[in-house]
Structures are given as structure tokens and as C-alpha cells.
Amino acid sequence: MQAVLYFSDKQVREKLFSFVDAAQGLLLVAGVRHGAAMTRPPQGREPFAALEDRFGHVLAQVIVADEGTTEGMWRDPLGDLGDRLYPEDKKRAYAAATGYVLLEGGKPRAVVRKHASPAEDLWFLQEALSRLSHGIPAPDPEKRPGHRRPEPAPRAPPRYGPANDEATPPRGSRVVNPPPAAPKAKDPWTVLGIERGTPKDEARKAFRTLIAQYHPDKVAHLAPEFHALAERRTREILDAWEALERDAD
């Protein structure tokens, strides 16, 4: 079973929660970017299509599509679900909102973060699912993304002296550069773009609006260097919000 919900639907949050509460077996919840130029429906894209084809007999899916319209820009159903699943753990709540959440009986069992490609996501999703259901085999470890075959051992250096003509410096004379200074922490109020002393509810809204701009699905079509920038900005925003929460306690 695959269900698709849309940010533009005013009831998207309530419908998402209803699916989660009603699920008896394994349920996957994830968000995708779905602009007007995308002709393939969300459920027909990867890794969702492959999951349905291979494991649809034991796995249901709810895909929450963000069309990028003004009707849905102020809604954050996945963020609300993350807060509901992990009310005491903001990092896990954010991971759930931006990745793939695997639930069973309405309870979170695993969170799989999104990787560089749907093929990589599929491998890690199957790995997580294989731990939760005997009906899903573990993926081939040889095909694990980033897996490399062992490289041959380096050749031994020459027996007599260094390989080049440069003399080995006397012991104790080698210059060691000092470690770089730790970067200065940024002001959390400035990072979040709000005035110091802003009420917590307003600060939370600003935090969610800002961090949503760097959602992996919203930068997926950009060059890799923008992905790295989005990750850095996401970390800055999370650190700033955690700093404000610490100060408020």
C-alpha cells in the first residue's frame, strides 16, 4: 500500500497522523520534493517504487510531497511528526523529519537518513528493514554504498636509506605546526535571524521556517557543493536552536 499526501492539503498533518496511528505492520514515512515540472508521481519515484515492488507485501508507505506552493509553504507535517515521535530528543526529531522513518504499530523503530542517490537510500532502507522483518532479506554487503575492495599492501621502502636524495632531518629538529584555533561560536540569535529576547514560540517558528529552506529534497537538484553548503547551514541552525533552548532552561 502506498499513500501520497500533499503539503497544499490543509488536513495533511491530521491525515499523516491518522495513517501512523492506524498502521498495524511496518510503515515507511518520508517526504519528497514534487514540483510542477516533475511528471512522475511521488510513488513512482525511487526508492519508493522499488520498495513497493519488492517488499509491498510487508511494508506500507506514506509519502508526503511538498509541491513548493504558497499553500503549503507554512506547513511542516513531517516536522510535527518528528516532534510527536521524539518529544524529548530534538536531534532525532529532526532526523525523522528529514529522512525515512520506519514505524511498527505506530511506534518508531528506525530512522534512515537520506544519501546522495535513491539507489544508496534503497540499500540502507533494506538493511534497516531486514532487521525488523524476517520477510525482507539483508542487502548484498558487497554492494554497500562506499564499499571498497581491500587495496594491495604498499610496496616496502628501499632497505638502504630513504627513497629520495633529501637528507632525513635530525631527531627533534622537525617543525610541527600548531593546531588551528577553534572557530568562534556564532551568535544564535543572529544565525536564526531574530532579535535577542524573541519569545520562544516565535523563535521556534523562525527556526522551522529557516531550516526547511535547507531540506535535502529542496537542494537535491543543485550541484554537490550546494549540498555541502546546505548541510553546514543546517548544522549551524540546529546548533543555534539548541543554544537558545539551553539558555531558556
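Biologist: Which handedness does the β-α-β unit of β2, α2 and β3 have?

Modeller: This is a predicted model, where local features need pLDDT of at least 70, side-chain atom pairs count only at pLDDT 80 or more, and totals for chains, interfaces and linings use all residues. Numbering starts from 1 along each chain as its sequence is written, and side-chain values use heavy atoms, without hydrogens and water. Helices (H or I, at least four residues) and strands (E, at least two) are DSSP runs numbered from the N terminus. A crossover is right-handed if, with the strands pointing away from the viewer, the path from the first strand over the helix to the second runs clockwise; the unit of β2, α2 and β3 is right-handed.

Biologist: How many bridges pair β2 with β3?

Modeller: Strands pair if DSSP finds at least two bridges between them. Val-32, for one, has Ala-65 of β3 as its bridge partner. β2 and β3 run in the parallel sense, and their bridges number eight.

Biologist: Which residue of β3 is the bridge partner of Ala-3?

Modeller: β1 and β3 also run parallel, joined by five bridges. Within β3, Ala-3 is partnered by Val-62.

Biologist: How many residues of β3 are buried?

Modeller: Buried means under 20% relative accessible area, exposed over 50%, and partly exposed in between (1.4 Å probe, protein chains only). One side of β3 carries Leu-59, Gln-61, Ile-63 and Ala-65, the other Ala-60, Val-62, Val-64 and Asp-66, and both faces are covered. Of the eight residues in β3, the buried ones number eight.

Biologist: Which residue's backbone oxygen does the side chain of Gln-61 reach?

Modeller: Gln-61 sits in strand β3 and is buried, at 1% relative accessibility. Beyond four places in sequence, its contacts (heavy atoms within 4.5 Å) include Leu-28, Phe-48, Leu-51 and Glu-52. At 3.2 Å, the Gln-61 side chain reaches the backbone oxygen of Phe-48.

Biologist: Why do the buried residues of α2 line one face of the helix, and what arc do they span?

Modeller: The buried set in α2 (residues 48-55) is Phe-48, Ala-50, Leu-51 and Phe-55. They line one face because, seen down the axis of α2 and judged by the directions from that axis to the C-beta atoms, they fall within an arc of 160°.

Biologist: How far is Gly-25 from Leu-103, C-alpha to C-alpha?

Modeller: Gly-25 is in the loop between α1 (12-22) and β2. It is partly exposed, at 36% relative accessible area. Beyond four places in sequence, Gly-25 is in contact with Leu-103, Glu-104 and Gly-105. Gly-25 and Leu-103 are 78 residues apart in sequence, yet their C-alpha distance is 8.0 Å.

Biologist: Is the peptide bond from Glu-46 to Pro-47 cis or trans?

Modeller: Pro-47 lies in the loop between β2 and α2. Most peptide bonds are trans. With omega near 5°, the bond from Glu-46 to Pro-47 is cis.

Conventions: Polar contact = N/O pair within 3.5 Å; in protein donor to acceptor, adjacent residues only side chain to side chain.
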